[in-house]
Amino acid sequence: MANTNYGEITRNGLWSNNPALVQLLGLCPLLAVTGSVVNAIGLGLATTAVLTCSNLVVSSARRQMPESVRLPISVMIIATFVTCTELLMKAFTYELYLILGIFIPLIVTNCTILGRADAFASKNPVLPSLMDGLMMGIGFSLVLILIGAIREIVGHGTLLADMELLFGPGARDWRISVLGENYPGFLVAILPPGAFFVAGLLIACKHAIDARNQRRRSARVTIVSGAKRVRTTGNIQ
Amino acid sequence: MSLMRVSSPHTRSGLGTSQVMLQVVAATVPGILALVLYFGIGVLINLALCIATALVSEAAVMKLRRRPVLFYLKDASALLTAVLLGVSLPPYCAWWLPVVGSVVAIVLAKQLYGGMGHNVFNPAMVGYVVLLISFPVDMTRWVGPTDVLHGVADIDEAFSMVFGHMSVDGFTRATPLEIVRNHESTLLAQLYEAEPVFATGGLAGSGWEMVNFGFLLGGLFLLYRRLITWHAPVAMLVTLTILSLVFYDSGSSLSKGSPILHLFSGATMLGAFFIVTDPVSGATSNKGRFIFGAGVGLLTFVIRAWGNYPDAVAFAVLLMNFAAPFIDNYTLPRTYGHKAPRRATDLEER
């Protein structure tokens, strides 16, 4: 069952099967480290890198992996890439590594990554798997960044603060004070309950957009005069 | 000639939702009067801001959900939530505190969960707790009662504290619960002599005991009108009394405060008669209400005595709201004709 439709893979990862909004996987880092945009970008990049690489390797080794030990092997491959990412972050973005703390090693337990390795990469050729890992990672990162931005604006009144942790000293001026310097800070948005509220609201928004698209699509279906009635029960929507 | 009604229902209650809600609002009047008397016009400003914001947010959500706006505004549940939140906020706080709190209470805690009758948590307490953990400094600055301050802020000062830049700091005093929680190496008796809030009042602090007495009167009115049952309030107050007696420690320097302080200071009476008796977010059966109230009393005392916050009723109520479905499951009454009481969880096995 080779799935080589790249358009569909992209759409799945970014929207219709988004790991954060639809599969609801990897919620622990999603809720724990999205207090600001810089944290979200950092964790998003790390997760995307691990997801892409692990999908690539799992897919290319899929014929050699015996069924009975597929999961342990996948976990070991993922753990390898997580260790690489952790060491890279330690070397190049040390302050951000300190802030993200335990959540970098915990990427290995992120269900999105094991889920994609098992559900997609172990059954599909290399290139589609690479694409799937990349798109799932980007979809996850976009949601992380969106939640981070909303929580940072509501909680601190700023946007893109502390970006120098990730992009070097030149990024210090990126900080935008959205709600004025006297904004008292709505602390609950930074605390865990705020993450649940924002994630819930985003999921609700996605459902609303899907429902609206569905209505539009069905509104386009016009009944031709003279057409024979096929369905006699239920409502024509 | 009037005909007898021959078909059921034979007895009818004239009370709809809005009458019940309005009577509960009316029952808060004695407590509000005491609050205004001792803490000034700031209480009324809070109430006005809360009520206005709550009604506007309720109407806005109803509009969004395409429901009849006036029908839902008339049931007065948003009004009651606003009043309960308004009396819990510190008087003369900045205007945006009541506004944010009311929006959170109505939109997040009530309407997002499905609206009237579907909220898992008590909306007023959610609004209060969100404010308390977000703005702890502003939310714990209570003005002192009038007889300690010898007068209270006049109207101009009140408005410049709420809407302007005047600081409320000149009027704030530690509340009795804070004083007792923070006392170190002093006997309670020394504390009662040293602190003016105890010197001018009884053992629960000037002003606070009158406010709690006011809410107690309102609660008795609700009991008399049979709008609430006695189980939850009595269980909460009895638990609180027993625990404070145990840890009273004869007023030593390690004392956690006298039963009178715990019963008549802070939000005890407001909580016991107006919050714990919430029919939606509390337990349903009488036995369940009793357990629910006892749990609130226990948690209130534990958080007051060993927690980081000066008062605890709101946290205790929210924590017990979590437990309400669980309590309900194990306190379902036996149905007539059945030998053993059914559990809601049994239904899945059939």
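**Close-up views of chains A and B**

**View 1. The contact between chain B and chain A.** The contact takes five residues from chain B and six residues from chain A, in a model that is predicted. On the side of chain B that touches chain A, helix H7(B) gives the largest share, which comes to three residues. Sorted by class, this side of chain B holds four nonpolar residues and one polar residue, and it has no charged residues.

**View 2. The two domains of chain B and where they meet.** Chain B is divided by its domain assignment into domain 1, covering 17-173, and domain 2, covering 174-332. The centres of these two domains of chain B, taken over C-alpha atoms, are separated by 21 Å. Across the boundary, 32 residues of domain 1 of chain B are in contact with 31 residues of domain 2 of chain B. On the domain 1 side, at least two residues are supplied by each of helix H1 (17-27), helix H2 (29-39), helix H5 (77-88), helix H7 (123-134) and helix H9 (146-149) of chain B, and H2(B) gives the most, with eight residues. By class, the side of domain 1 of chain B that touches domain 2 of chain B consists of 21 nonpolar, nine polar and two charged residues.

**View 3. Helix H14 of chain B and its surroundings.** Helix H14 of chain B runs through residues 208-224, and its 17 residues reach 24 Å from the first C-alpha to the last, which is close to the 24 Å expected at 1.5 Å a residue. Among the buried residues of H14(B) are Trp208(B), Glu209(B), Phe215(B), Gly218(B) and Leu222(B). The buried residues of this helix pack against H1, H2, helix H11 (176-182), helix H15 (231-246), helix H16 (259-264) and helix H17 (268-275) of chain B. Just after H14(B), the student can find Arg226(B), which takes a positive phi of about 60 degrees.

**View 4. The largest nonpolar core.** In soluble globular proteins, nonpolar side chains tend to be buried together. Here the largest nonpolar core has 145 residues, and those with the most contacts inside it are Met125(B), Val126(B) and Val317(B). Helix H3 of chain A, residues 37-60, provides the largest share of this core, 11 residues, while domain 1 and domain 2 of chain B each contribute at least three residues to the core. When residues up to four places away in sequence are not counted, Met125(B) touches Ile275(B), Ala314(B), Val317(B) and Leu318(B).

Notes: Residues are numbered from 1 along each chain as its sequence is written. Chains are lettered from A and ligands numbered from 1 in the order in which they are written. This is a predicted model: local features need pLDDT of at least 70, side-chain atom pairs count only at pLDDT 80 or more; totals for chains, interfaces and linings use all residues. Domain bounds come from an automatic or database domain assignment. Two residues are in contact if their C-beta atoms, placed from the backbone, lie within 7 Å. Helices (H or I, at least four residues) and strands (E, at least two) are DSSP runs, numbered from the N terminus. Ala, Val, Leu, Ile, Met, Phe, Trp, Tyr, Cys and Pro count as nonpolar, Asp, Glu, Lys and Arg as charged, and the others, Gly among them, as polar. The expected span of a helix is 1.5 Å times one less than its number of residues. A residue is buried if 20 or more other C-beta atoms lie within 10 Å of its own, exposed if 12 or fewer, and partly exposed in between; C-beta atoms are placed from the backbone. A nonpolar core is a set of buried Ala, Val, Leu, Ile, Met, Phe, Trp, Tyr and Cys residues joined through C-beta atoms within 7 Å.
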